[in-house]
Structures are given as structure tokens and as C-alpha cells.
Amino acid sequence: MVRRRRTTNTGIPGLSFSWKRALGISRARTNFARKTGIPTTRAGMERKIGNTILKALFGK
């Protein structure tokens with residue numbers, strides 16, 4: 001089995017660049033989610049919807 005090293009988008013091991021973080025999109029999404037209570041990630045939305053359904057069914 002041949003192991004391949006993961007490459008980064010900068011070509012320098014251990015250093016990567018995110019255009020979303022550079023433009024402030026990640027921070028804006030985080031701030032929005034914290035202020036409104038509405039998750040912006042897929043996992044967060046699924047978790048919130050699941051909790052809502054369980055509360056409606058079992059009345060907790």
C-alpha cells in the first residue's frame with residue numbers, strides 16, 4: 001500500500017489558505033448563527049430540526 005501525502009492549496013506542508021476566511025465569510029456566518037440561534041451548517045440544521053421533531057412527538 002502506497003501512502004500519499006496530502007497536498008495543501010499553497011504547496012507548503014502545514015500551511016493552507018481559505019478564501020472564505022480571508023473575505024470574512026466564516027466570521028459573518030458564525031456571528032449570524034450566534035445572534036439568531038439559526039445554525040448555518042448542514043449538521044447544525046439537521047440537529048436542530050431533529051430536536052424540534054423529538055420535542056413535538058414526546059413533549060419534553
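Glu46 counts as partly exposed, because its relative accessibility is 49%; partly exposed lies between buried, under 20% relative accessible area, and exposed, over 50% (1.4 Å probe, protein chains only). Arg42, at 66% relative accessibility, counts as exposed.

The side chains of Arg42 and Glu46 meet in a salt bridge, with an N to O distance of 3.2 Å. The term stands for a side-chain nitrogen of Lys or Arg within 4 Å of a carboxyl oxygen of Asp or Glu. One salt bridge is found when the whole structure is searched. Both Arg42 and Glu46 belong to helix 3, residues 42-58, where they sit four residues apart, about one turn of the helix.

This is a predicted model, in which local features need pLDDT of at least 70 and side-chain atom pairs count only at pLDDT 80 or more, while totals for chains, interfaces and linings use all residues. Residues are numbered from 1 along each chain as its sequence is written, and side-chain values use heavy atoms, with hydrogens and water left out.

The protein chain has three helices and zero strands, in the order α-α-α from the N terminus. Its radius of gyration is 19 Å, well over the 10 Å that the globule rule gives for 60 residues, so the chain is more spread out than a compact globule. The radius is taken over C-alpha atoms, and the rule is 2.2 Å times the number of residues to the power 0.38. The C-alpha trace spans about 50 × 40 × 10 Å along its principal axes.

Of the 60 residues in the protein chain, 5% are buried.

How values were computed
Helix = DSSP H or I, 4+ residues; strand = E, 2+ residues; numbered from the N terminus.
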